[in-house]
Every structure is written in C-alpha cells, then in structure tokens.
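The structure is shown first, and the description follows it.

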There are 2 protein chains.
Amino acid sequence: MQTKVLIVGAGAIGAFYGALLAKAGANVAVVCRSDYEVVKSQGYQINSDVLGQWGFHPEQIVTRAKEYQGQADYVILCSKITPDVNRAELIKDALHAGTSIVLIQNGIEVEQELASAFPGNELISGLAFICSNRTAPGVIHHLAYGKLTLGNFPHGCSEKTRHLINLFAQSGIECIGMDDIVTGRWIKCVWNAPFNPLSVLAGGLPTKAILDTQEPLIRGIMQEVCQIAAACGHPLPDDIIDININNTHAMPPYKTSMLLDFERGNVMETEVILGNTLRAAERESVDAPRIKTLYALMKLIELSNQNSRGMTM
Amino acid sequence: MQTKVLIVGAGAIGAFYGALLAKAGANVAVVCRSDYEVVKSQGYQINSDVLGQWGFHPEQIVTRAKEYQGQADYVILCSKITPDVNRAELIKDALHAGTSIVLIQNGIEVEQELASAFPGNELISGLAFICSNRTAPGVIHHLAYGKLTLGNFPHGCSEKTRHLINLFAQSGIECIGMDDIVTGRWIKCVWNAPFNPLSVLAGGLPTKAILDTQEPLIRGIMQEVCQIAAACGHPLPDDIIDININNTHAMPPYKTSMLLDFERGNVMETEVILGNTLRAAERESVDAPRIKTLYALMKLIELSNQNSRGMTM
C-alpha cells in the first residue's frame, strides 16, 4: 500500500523533502499557505544542484490540515519554530490513531510540547542538514547537502521510523536513524549556538571570518552547550568541539539560516536555538554566561528591528 | 602669571575645554589638524546649550606639538585613544621639565604608557562626562553635562592639579579633584563596559531600551567590571551597580559615544574600554565571560565594517 504523507509547512525545506518522498513512491500532500495559488495550478519546481530538476505535483494541496482527505501515515512538520506559531494547532486536524508525527525542525527541546499534546501518536524527531531556498512562489532551489537524521522521541528507532528512513534513502539523499535523537539535537546545537547568532551580531560576516578571528569565543560557547547537554543527561563526545571547528574551517564561506532570516526581515529561530538552550541550563543550574549574552543581544536586535519597522519617518 | 595651556586634539571635547580655560583667563593654544584652516582664520565657535555661545580664539594654532612656542604649564591630551595613534609622539615635542601632562580621555589603564614615556613629568588623569559634537569645521555644539574629574596618577591631587581644577570651576563647569582617579576610571567603566558596546551590537538602540529589556545582562557585565577592579586593587562601592542602573533609568534616551563613532564610520574605543579591561582581567586571573563575548563581537563588527568599506561593487 502507498505510504501517505502530509507535509505541513511546505516551503524551502518541506517542499524539497516532500518532493523526495513523492519520487520514492509515497502519496504526498501539502499544507501550503503563502504560495497556494501558484502550487495549486503548477505544482512545485525543484531545482537541485545535487539531484537535478523536476516538477513535484502533490496529491493534495490544502491551506489547512483539516482540509486534508484521508488518513496520513506521517504528518511531517517542516515549518520554522517561532513563538507566534502554535504547532499543535497546525497539525491536530490531520492526526488519526495511527499517524506518526515527524518534526523536521531546528532547535533544542522542541518535542515535549507535541508529545504532551498528542500522547497517543508516535513522535519522530528529525534534523536536516540542508541548504535550500525558496526563490519564487513554488520554486525551490536546493543548493547543497540534504542529510536527514531521524529517531523516535524520547529515544529509539521504530519500524515505522525505519520505513520513512528507507523512503528518503531511496529518493537519493542520505537519511540515517539515531536511537538518541535528543543527543543529536544537542550535537547540532554545538554548531548552531555560536554561529547562528554571531553571524547576525557580527553584521553579516560569513562563518569562516568569524572562526578565523574569534575561535576562543566559539570554543567557549560550544563548551557551554556541552556542559548543558551533559547536565540534561546527554553527554556529547569529547572531540565534538574539535570536530566542529575543523569542519567549519573546511566549509566554504556560509551564511547561516539565522542571518538569512535576519536579512530578509523574517522572524529568527532565537527562541528554539538559544532560548530553549538557556532554559535547559537554568533548569539544570548550569552557568552559561556567553550564551546568555548572545541571547540578550539577539533579543535586542529583534527589538531594534521591530522599532525600525514600526517607525514612521 | 598667566597659566599656559596646550590642548592636543582640539575637537569636540578638546576645543570645548580649551575654550573654557581661555574664558577663565588662561593662555590657551591648540594643536589642531583637520580643521586647521578654518580655525586659523576664524577661531572656534562654541555653541553651548548650557553656557551660551561665544567665539574662542586660541593664542596659538599649530598642526604639531613641535610648532608650539613657549613652555606650557599643562599639555592637555583630549584625543580619542585608538590603536593607530601614538600618544607619546603626539605630545613629546611640547613637553618641558615643569609641564604637567593632562589626559582627558576615556578608558581603563590609559596612564602607564605616558607615565613610562615621561617619568619626569607630572601626570594628571581626567574623566569628562560630557555630550559635545563638532557640527562643522571649527564649530562645537555642547549639548549637555561637562563635569570633569581630575587627579594625579597613580594617586593624589597636587597643588598644580588643584590650580587646574580652579580654572575649570571659574569657567562655569563642575570640576572636582579625586585622590584615586584610577578608581574613578573603573567607576566610569561600570557604565561604559555594558552600554557602549551593547548600543552598537543592538543595532543602535538607545540606552533606555537596552536597560528596560536586558537589565540582568547589564548587571552581569557591571558585576564583572567590579570584580576586575577589585582584583586590581580598586574595590568599588557596594551600591555602584544600583546607582548606575537607577541613573540610566532616569536619563533621557541617549546615544553612546561608541554608537556615534560607529554610525559615523569612525574608529571606536573598543580597545581602551573593553580590551584594556579584559587585559587587566587576564593579568589578575578574573573570569569575565560576558565582557569577553562583547569584546569578541565588537572585533567582529569592526572586521565587518572594514570588509564592507573595502568592498568594490
């Protein structure tokens, strides 16, 4: 039987992964709001520098989860997590007893809210390492990477999770299972916590310039993430900082997602990356002065942006 | 006998204080570079919102200290301290045996360099609390404040320092002597260390908005300054943080000097305010993670500015 998937938040990330699952033979529907008219008439155009170009025509295109017809095996939430969005509300009308909820979203401790809201549904938590942009309504440009890591929350890797992993793998991207996906989130946070906010606060510098001149600060921030993760019961590998530093040296100059959001005037993921990390630190009584400083500065930058947008000249 | 004063760095601050000393009867000369032609022909126009308007015609207007004729009782250095300026070079040709060197300059531990260069000259260290701008060549707009605090380095308040204090007091501004001016610098740093960099890093927010939303961070930074000052042998009063917080709440929305420099594309006083504070912390083995983070971010902002200036489109 064809696997039924509903993608909620079908933008640069969601439409790309939805298109891959359709390629692998799944029945893929999308909840799509801003580009609804274009996608309804033409579908998506996927331009991947890695996998080529193709059109993606979802089986259903709806503007809200409640309009979805059928019982999805997987509801995959791919929207950015920002304080103004209630994620449970976004998906609740599309859930049935056997529906697995899949999060392909950035951030720390982003699962419990949905696990509590839907205790009867399997929750699969996922991390995407991808560089993908929406270049026009319904047009997605996939520039690089694409690797997914999936695992059940709070731990494990069920048969149904493995089925989804296989579908992604068939479509041509790397997808791996992880028994401790929460540790996976902390590992990603080791990179995200310094580079995302610093790229914004440093006035748009690429990651390489930041690392070349301020490596001690980067290491200090990464060390704080490791201490918080360990206090939360997720000790990270001893060499995780060196690995991240070396990998970043080897990366081409790169604009972080937070910097792209900042430049576009979009809401940034300050709360799920820094805010949730700090709330975990406070709960576990770990001192994290560098991350606290970055978080405060990001809140000030957000305030400054709001002020300048609201200003009448 | 008329007191002879040479002002070195006769911009918004130096020209204003020089004009005040001339008002009080001193023989005041200036070393003036960028506005030399205008000042040579017309003198300075001082427009003070506090003390009224008047013309200030220095007795000598020179472009370098060596052109100064006579033996100054006081050589007053009012330039900003930035890494590209050698202060000893700026003043050395105007010094005689009896010349007192006066620093009216921002920052921490700014005296030793000159004390070492000129061990035979009395060194008077001064702090200005002033809001003054150069609005056109030779035109100085004094908006508010103006209070000076003077004291000998490393401590004491000599008769000659008292004489200078009296001259300033006669001219209409508040000028007080301080036996421990180094402690005075640390006290000023309690305010400068958070608000100067944060105003730049927060995208131009005024001090009040920063304080209203991020008071815990401000207090954390101030606490680090207090710890460093104490380790350096200059314990600050217990209520210094509360006083600074309360005073800042009471201030009108205010743009810091670092923010003004940033907006104008000028070199900022990052090194003398944050850099010297951190070097003192390292010397005394005091941990100051918040200030370290701010310093690193300011270096990144400076790098980002250089990059964007050097960029050809």
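Across the interface of domain 1 of chain A and domain 2 of chain A, 15 residue pairs are found in polar contact, both residues of each pair being at pLDDT 80 or more; the model is a predicted one. On the side of domain 1 of chain A that touches domain 2 of chain A, the largest share, eight residues, is contributed by strand E8 (residues 123–136) of chain A. Sorted by class, that side of domain 1 of chain A consists of twelve nonpolar, seven polar and three charged residues.

The two domains in question span 4–179 for domain 1 and 183–308 for domain 2 of chain A, and their centres, taken over C-alpha atoms, are separated by 25 Å. Domain 1 of chain A brings 22 residues to the contact, and domain 2 of chain A brings 25 residues. Of the area that domain 1 of chain A buries against domain 2 of chain A, 37% is supplied by A:Lys80, A:Asn106 and A:Ile108, more than by any other three residues. Three salt bridges are counted between domain 1 of chain A and domain 2 of chain A. A:Lys80 also forms a salt bridge with A:Asp261, in which the closest N and O atoms are 3.3 Å apart.

| Interface | Buried area | Share on carbon and sulfur atoms |
|---|---|---|
| Domain 1 of chain A and domain 2 of chain A | about 1,800 Å² | 53% |
| Chain A and chain B | about 2,000 Å² | 74% |

Turning to the chain interface, the contact takes 22 residues from chain A and 22 residues from chain B. A:Thr293, A:Leu297 and A:Leu300 supply 26% of the area that chain A buries against chain B, more than any other three residues. Between chain A and chain B the count of salt bridges is zero, while four residue pairs, both at pLDDT 80 or more, are in polar contact. Helix H6 (181–201), helix H7 (207–231) and helix H11 (289–310) of chain A each give at least two residues to the side of chain A that touches chain B, and the largest share of that side, twelve residues, comes from H11(A). By class, this side of chain A holds 14 nonpolar, six polar and two charged residues.

How are the two copies related? A rotation of 180 degrees with 0.0 Å of shift along its axis superposes chain A on chain B, with an RMSD of 0.0 Å, and the copies are therefore related as by a two-fold rotation axis. Because 100% of the interface residues of chain A are also interface residues in chain B, the copies meet through the same surface.

Notes
Residues are numbered from 1 along each chain as its sequence is written. Chains are lettered from A and ligands numbered from 1 in the order in which they are written. This is a predicted model: local features need pLDDT of at least 70, side-chain atom pairs count only at pLDDT 80 or more; totals for chains, interfaces and linings use all residues. Side-chain values use heavy atoms; hydrogens and water are left out. Contact means heavy atoms within 4.5 Å. Buried area is the accessible area (1.4 Å probe) that two parts lose on being put together, summed over both. A salt bridge is a side-chain nitrogen of Lys or Arg within 4 Å of a carboxyl oxygen of Asp or Glu. A polar contact is a pair of N or O atoms within 3.5 Å; within protein, one must be able to donate a hydrogen and the other to accept it, and residues adjacent in sequence count only if both atoms are side-chain atoms. Helices (H or I, at least four residues) and strands (E, at least two) are DSSP runs, numbered from the N terminus. Ala, Val, Leu, Ile, Met, Phe, Trp, Tyr, Cys and Pro count as nonpolar, Asp, Glu, Lys and Arg as charged, and the others, Gly among them, as polar. Copies are superposed by least squares on the C-alpha atoms of residues with pLDDT of at least 70 in both. Domain bounds come from an automatic or database domain assignment.
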